[in-house]
Amino acid sequence: MKSLPQMAQAAAALAQARGTEPARQAFLLGILAGGYVGIAGLAMLTLTARLSGVPGGLAGLLSGLVFTTGLVLVVTAGGELFTGNCLMPVGLFTGSCSWGQILRNWIIVYLGNLVGSLLVVGLLAFSGLLGGDGAVAERARAVAAAKMALPFGAAFVRGILCNWLVTLAVWVTLAADSISDKVAGVLFPITAFVLSGYEHCVANMFFLPAGILAGSSGQLEALPWSGLSSNLIPVTLGNAVGGAVLVAVFYSVALGVTKEKQ
């Protein structure tokens with residue numbers, strides 16, 4: 001396992017690479033990451049739809065374990081996730097990237113994540129799994145409705161808590177040199193955020209449209225598309241604060257990361 005200073009160096013190097021990569025590459029890797037999270041979200045919906053009668057705590061634990069598939073694929077197969085890239089401000093302390101490069105990456109990757117998530121939703125809709133009033137469709141609508149009902153402040157704070165854990169998971173993978181170690185580093189933080197009911201903007205790029213489409217078909221009550229922005233705006237802002245401040249800035253300051261130390 002790498003030491004904390006070595007992890008900070010790896011985070012700074014990653015920030016530099018992310019900040020200088022071509023827009024096309026960032027966008028395509030963003031699409032892949034959004035797709036991976038959507039695939040994990042679908043697996044989670046399918047699991048919970050089949051767990052009727054299982055205690056809520058156990059169902060939440062199993063859901064969290066299944067949902068780790070998304071970030072495991074991102075950090076092992078390759079992809080760029082907006083929430084994970086909230087670690088990039090480490091590069092500000094080392095001079096390896098600028099705020100302009102960070103914001104450029106965040107915007108491009110965020111849009112790529114959205115496209116990838118919607119791609120999975122579209123494939124899901126054409127598969128027929130969201131049609132009628134089947135168990136998966138009912139679960140998708142219930143999850144989306146609960147997320148849309150969150151007040152702005154609650155969604156914002158849940159976003160902070162969520163990406164504190166997600167960015168920590170990415171931070172821990174920087175200490176690992178093998179796939180098994182990276183998987184282990186992702187497993188517990190992601191399971192904890194799902195079990196706790198926190199909010200992840202890229203996951204919601206899948207859950208909300210899936211719930212809207214499920215509600216607009218069959219006998220389920222339709223959900224408004226306006227609910228997409230009312231949830232994603234506060235959750236995205238919260239995710240940015242949780243990852244950039246509570247992980248990137250805190251560790252950089254605590255470790256005394258500076259340009260001279262790189």
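This is a predicted model: local features need pLDDT of at least 70, side-chain atom pairs count only at pLDDT 80 or more; totals for chains, interfaces and linings use all residues.

Trainee: OK, so what span should helix α10 have, and how far apart are its end C-alpha atoms?

Mentor: Helix α10 runs over residues 226-254, which is 29 residues, so it should span 42 Å. The end C-alpha atoms of α10 are 41 Å apart, which agrees.

Trainee: And what follows α10?

Mentor: Glycine 256 follows α10, and its phi is positive, near 65°.

Trainee: Switching topic: which residues does UniProt annotate as "transmembrane region"?

Mentor: The unreviewed UniProt entry puts that annotation on residues 27-47, 54-75, 81-100, 107-130, 150-174 and 232-257.

Trainee: How much helix is there over residues 81-100?

Mentor: Residues 81-100 are 35% helix and 0% strand, with the end C-alpha atoms 18 Å apart. For residues 107-130 the figures are 88% helix and 0% strand, and there the end C-alpha atoms are 30 Å apart.

Trainee: What about valine 90, where does that sit?

Mentor: Valine 90 lies in helix α4. Valine 90 has a relative accessible area of 1%, so it is buried. The C-alpha of valine 90 is 8.3 Å from that of alanine 244, although the two are 154 residues apart in sequence.

Trainee: Let's do rings. How many aromatic pairs does the structure hold?

Mentor: Seven aromatic pairs. One of them is phenylalanine 82 with tyrosine 110, an edge-to-face pair at 5.3 Å centre to centre with 90° between the planes.

Trainee: Which parts does that pair tie together?

Mentor: Phenylalanine 82 is in the loop between α3 (56-77) and α4 (90-94), while tyrosine 110 is in helix α5 (residues 99-127), so the pair ties together parts that are 28 residues apart in sequence.

Trainee: Is phenylalanine 82 buried or exposed?

Mentor: Buried, at a relative accessible area of 5%. Tyrosine 110 counts as buried too, at 18% relative accessibility, because the cut-off for buried is under 20%.

Trainee: What can you tell me about tryptophan 99 and tryptophan 106?

Mentor: Their ring centres are 6.2 Å apart and their planes sit at 80°, so that pair is edge-to-face. Tryptophan 99 counts as partly exposed at 45% relative accessibility, whereas tryptophan 106 is buried at 11%.

Trainee: Which residues do ring pairs link into a cluster?

Mentor: Phe67, Phe193, Phe206 and Phe207. Two names from that cluster, Phe67 and Phe193, come back in the lining of the largest cavity.

Trainee: Nice, cavities then. How many are there of 30 Å³ or more?

Mentor: One. The largest cavity has a volume of about 70 Å³.

Trainee: Which residues line the largest cavity?

Mentor: Val37, Phe67, Gly70, Leu71, Leu81, Val166, Ile190, Phe193 and His200. Helices α3 and α8 (179-196) each supply at least two residues of that lining, and α3 gives the most, with three. By class, the cavity lining has seven nonpolar, two polar and no charged residues.

Trainee: And how much space lies in the largest pocket?

Mentor: About 510 Å³. The largest pocket is lined by 26 residues, and the closest to its centre are Met44, Arg139, Val143, Val194 and Gly197.

Trainee: Which elements supply at least two residues each to the lining of the largest pocket?

Mentor: α2 (23-49), α3, α6 (135-148), α8 and α9 (201-215). That lining has 14 nonpolar, eight polar and four charged residues.

Trainee: Which one gives the most?

Mentor: α1, with five residues. By class, the lining of the second largest pocket has twelve nonpolar, five polar and two charged residues.

Note on methods. Residues are numbered from 1 along each chain as its sequence is written. Side-chain values use heavy atoms; hydrogens and water are left out. UniProt positions are given in the numbering used here, feature names are shortened, and annotations may be inferred rather than shown by experiment. Helices (H or I, at least four residues) and strands (E, at least two) are DSSP runs, numbered from the N terminus. Rings of Phe, Tyr and Trp (its six-membered ring) pair if their centres lie within 6.5 Å; planes under 30 degrees apart count as stacked, over 60 as edge-to-face and the rest as tilted. Buried means under 20% relative accessible area, exposed over 50%, partly exposed in between (1.4 Å probe, protein chains only). The expected span of a helix is 1.5 Å times one less than its number of residues. On a 1 Å grid over the protein atoms alone, a cavity is a set of points where a 1.4 Å probe fits but cannot get out, and a pocket is an open set with protein on both sides within 12 Å along at least five of seven lines; lining residues have an atom within 4 Å of a point. Grid points are joined across faces, edges and corners, and a volume is the space filled by probe spheres set on the points. Ala, Val, Leu, Ile, Met, Phe, Trp, Tyr, Cys and Pro count as nonpolar, Asp, Glu, Lys and Arg as charged, and the others, Gly among them, as polar.
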